[in-house]
Amino acid sequence: MTHTVLVTGVSRHIGARVASVLAADPDISRVIGVDTVPPPSLTRDGGISLGRTEFVRVDLRSPDIAQVIAAADIDTVVHMSLVSAPSRNGGRAAMKEHNVIGTMQLLGACQRSATVRRVVVRSTTAVYGSSPRDPAVFTEDLEPHDGPVHGYAKDAAEVEGYVRGFARRRPDVTVSLLRFANFMGPGVDSPLTRYFTQPVLPTVLGFDPRLQFVHEDDAVEVLRRMATEDHPGTYNVAGAGVLLLSQCARRAGRPSLPLISPAFTVLGGAARRLGLVEYSPEQLRLMSHGRAVDTAHLEAELGWKPKFSTGAAFDDFLRSRGLRPLGSVHV
């Protein structure tokens, strides 16, 4: 059976990679990529080749997305267009509108569509929050003690609520919700990857949080499978194992600078105003309490495991930045 797939967020790295992989699948007849700006492959900046992906400039906050879905008879939607940090121009308000209002418009269009049969939504393990009262490992059915109240994590939690509502209203549509750990890899540019490339790594005094990463290759493979197979439900996606923040610093060959929590917050505000590194309130909590999730549900459903552990994903990122990983043991 051939498919016509819509991928949102194709101007960003992971979204572009997903569109490229799906466009190379002979069982997929068309791939429509949408975003507010053209992907780098269509500009002078170069970037990932999107193959036969057809790009359409659409702001998800507008009703135009419904016209795109109807005109192309879309049957599969892969929603990648969640922004994890505010732009210097738009700020937090524009980020929230894009993430939450954009998703509402997209799901509304899917609900009215007679052709959509599969919806895959990128979410984040940040919806679990970071708290000293958290369980050692989150499974998909556990509720956080302190749910997210800031930024990207709060947006993602709201998005998940709308996705669950859509799934109830359209039980005929296969809905897959993927909670990714922090992406890591050669092409990833995020607040966390920028943090690890600083000459000195500020840390929160008295804390050494556990961190989990998912390699971009594994993230793309999970999204490919979800877009071409029926796997309804909510899934954690992360590489095996964890790394302590202190272990990350040693692997990166970076000295750490322990700061009391208020000083970390002040430093984060200054860095954000200068456009250097994003130290959001949720990142401060992550840098204090960490987070780890269980991925057994995903592995059992797919009969597959990520190729990269958390440690291997971080090492690959370090090599891509010219930072020699200290030690070769993959955690």
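## Briefing: a parallel sheet and its helices

Strands β5 and β6 run parallel and are joined by 7 bridges. They belong to an open sheet of 7 strands with parallel pairing, in the order β3-β2-β1-β4-β5-β6-β11. Two strands count as paired if DSSP finds at least two bridges between them. Helices (H or I, at least four residues) and strands (E, at least two) are DSSP runs, numbered from the N terminus.

This is a predicted model: local features need pLDDT of at least 70, side-chain atom pairs count only at pLDDT 80 or more, and totals for chains, interfaces and linings use all residues. Residues are numbered from 1 along each chain as its sequence is written, and side-chain values use heavy atoms, with hydrogens and water left out.

**Whole protein**

- The protein has 11 helices and 13 strands.
- Of its 331 residues, 52% are buried. Buried means under 20% relative accessible area, exposed means over 50%, and partly exposed lies in between (1.4 Å probe, protein chains only).
- Accessible areas come from the Shrake-Rupley method with a 1.4 Å probe; for residues, only the protein chains shown count as cover.
- Among contacts with a separation of 6 or more, 78% are between residues 24 or more positions apart. Contact means heavy atoms within 4.5 Å.

- β3 (54–57) and β11 (233–237) are the edge strands, and each pairs on one side only.
- From one strand to the next, the twist averages 20°. Axes are lines fitted to C-alpha atoms, for helices over the stretch in contact, and angles run from 0 to 180 degrees between N-to-C directions.
- β4 and β5 run parallel, joined by 4 bridges. Val78 stands opposite Val120 in β5.
- Val121 has Leu177 in β6 as its bridge partner.
- Strand β6 (residues 174–180) runs parallel to β11, with 5 bridges between them. Phe180 stands opposite Val237 in β11.

- β5 is mostly covered, with 7 of its 7 residues buried.
- Both faces of β5 are covered. One side carries Arg118, Val120, Arg122 and Thr124; the other carries Val119, Val121 and Ser123; all are buried.
- Helix α2 (residues 64–72) lies across β1 (3–8), β2 (28–35) and β3. α2 runs at about 170° to β2.
- Helix α4 (residues 151–169) packs on the sheet and touches β5 (118–124) and β6. The direction of α4 makes about 155° with that of β5.

**Salt bridges**

- Side chains of opposite charge can pair when their charged atoms come close.
- The whole structure holds 18 salt bridges. A salt bridge is a side-chain nitrogen of Lys or Arg within 4 Å of a carboxyl oxygen of Asp or Glu.
- Arg164 pairs with Glu160 in a salt bridge, with the closest N and O atoms 3.4 Å apart. Both are in helix α4, 4 residues apart, so about one helical turn separates them. Arg164 is partly exposed at 39% relative accessible area, whereas Glu160 is buried at 2%.
- Asp172 and Arg170 form a salt bridge, their closest N and O atoms being 2.8 Å apart. Asp172 is partly exposed at 41%; Arg170 counts as buried at 10%.
- Glu221 and Arg225 meet in a salt bridge at 2.7 Å, N to O. They are 4 residues apart in helix α6 (residues 216–228), which means about one helical turn lies between them. Glu221 counts as partly exposed at 21%, and Arg225 as buried at 16%.

- Ile101, Met104 and Tyr162 make a nonpolar surface patch of about 240 Å². Patches are made of residues with over 30% relative accessible area and no salt bridge: like charges are joined within 9 Å, nonpolar side chains (Val, Leu, Ile, Met, Phe, Trp, Tyr) within 5 Å.
- Ile101 is in helix α3 (residues 91–112). Its relative accessible area is 35%, so Ile101 is partly exposed.
- Asp73 has a phi near 50°, a positive value in a residue other than glycine. Most residues other than glycine have a negative phi.
- Asp73 lies in the loop between α2 and β4 (76–79). Asp73 is partly exposed, at 47% relative accessible area.
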